[in-house]
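Dear colleague,

Please find below the structure I am handing over to you. My notes on it follow directly after.

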Amino acid sequence: ANPAPTPESPVLPAVEPVTADLPNVVARVNSREITRDELERAVRSAEIQAGQALPSQLRDHVYRSVLDRLVSFHLLVQESEALNISIDPSSIDAQLDEIRSNFPSEEAFETQLDDWNTNLATLHDEARRDLLVQGVLATKALGNVDVAAETVREFYDQHAEQFTEGGGVQARHILIGLSPTAADSTRVEARDRAEALLQKITNGTNFAELARAHSEDPGSAGRGGDLGVVIKGQTEPQFEAALFRLEPGEVSGIIETTFGFHIIQMVERQETRVLEFAEASVQIREFLLQQERQARVSTFIEELRTKSEIEILI
């Protein structure tokens with residue numbers, strides 16, 4: 001258990017269902033085909049990046065999103081042809097070598113290619129097309145991207161709260177876990193256990209030792225109930241309100257949350273510190289540059305879409 005609440009799943013917009021049996025061709029971009037195999041490889045790549053298999057309830061959204069990115073990718077590859085952009089073969093080899101370097105041996109690399117249901121020739125072509133897309137964006141969208149010093153300063157002045165560090169508290173807790181639907185008798189028994197532990201703390205027993213022996217929070221019990229630094233908005237309202245009322249070294253009464261009954265110890269309070277502009281300016285500038293790059297790329301791709309013929313076949 002953990003005093004922090006579990007975030008709610010985001011509400012996703014409705015999308016058109018994607019059939020289980022995909023056709024051989026899932027889209028056409030200016031008469032160029034995007035195949036089922038290419039879409040499936042891109043979805044597998046997304047799963048690898050996410051570190052998990054595609055949840056069935058998200059299948060339609062993921063397939064639509066990945067296909068949309070593939071359409072944009074094909075538009076950019078086609079634009080590279082119109083611009084006569086060429087790629088030095090050594091650049092492709094370097095990119096493949098970088099991928100290989102993530103594996104302990106050539107055999108492990110080839111095994112991974114099999115798992116990805118691809119081969120070296122396909123990977124070579126994908127690397128070539130990636131470099132072509134980079135060339136298009138560098139030529140048509142990302143040239144001379146800059147942010148004025150005045151803009152950086154204005155962002156700092158308008159978002160001062162984002163450059164405030166500290167303000168949290170070092171905390172420990174002991175949790176006696178309880179289901180929100182527990183019977184009254186179970187609730188009474190759990191509270192009695194918490195009250196007994198609180199009495200021991202009041203009588204001088206070491207808080208951390210009691211947490212190790214009795215806390216039912218597996219994430220912190222082994223550390224003597226240590227929760228690290230807790231900041232506002234990170235825990236349930238009842239827990240937060242009790243914690244931030246405490247002074248260093250002080251222990252709360254019995255606090256009930258959806259996880260059960262807590263005893264909280266505030267260890268120390270962190271002072272807040274506002275980063276000076278000189279410290280924050282590099283971070284701000286890079287953030288604003290990235291925003292500008294993303295905006296330019298989105299605008300350029302939208303321009304390509306408006307002058308292209310795109311057919312979505314799923």
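A residue is called exposed when its relative accessible area is over 50%, and buried when that area is under 20%. The model is predicted, and the notes below should be read with that in mind.

I begin with helix α6, which spans residues 149-158. Its buried residues are Val-152, Phe-155 and Tyr-156. Viewed down the axis of α6, these buried residues fall within an arc of 100°, so they line one face of the helix. The face turned away from that buried side carries Glu-150 and Gln-158, both exposed. Among the elements that cover the buried residues of α6 are β8 (273-274) and α10 (277-306).

The next point concerns a pair of helices. Helix α1 (residues 36-50) packs with helix α2 (residues 59-82) at an angle of about 115°, and their axes are 10 Å apart. The two helices, α1 and α2, are therefore roughly perpendicular to each other. Their crossing is right-handed. On the α1 side, Glu-38, Leu-39, Glu-40, Ala-42, Val-43 and Ala-46 take part in the contact, and they meet Tyr-63, Val-66, Leu-67, Arg-69, Leu-70 and His-74 of α2. By class, this contact of α1 with α2 comprises eight nonpolar, one polar and three charged residues.

Finally, Ser-72 also lies in helix α2. Its relative accessibility is 12%, so Ser-72 counts as buried. Setting aside neighbours within four places in sequence, Ser-72 is in contact with Ile-301 and Arg-305.

With kind regards

Definitions and conventions: Residues numbered from 1 in each chain as written. Predicted model: local features only at pLDDT ≥ 70, side-chain atom pairs only at ≥ 80, totals over all residues. Heavy atoms only, no water. Buried < 20%, exposed > 50% of the residue type's maximum accessible area, 1.4 Å probe, protein only. Helix = DSSP H or I, 4+ residues; strand = E, 2+ residues; numbered from the N terminus. Arc of directions from axis to C-beta. Contact = heavy atoms within 4.5 Å. Axes fitted to C-alpha atoms, helices over the stretch in contact; angles between N-to-C directions. Parallel < 35°, antiparallel > 145°, perpendicular 65-115°, else oblique. Left-handed = near helix turned anticlockwise from the far one by under 90°. Nonpolar A, V, L, I, M, F, W, Y, C, P; charged D, E, K, R; others polar.
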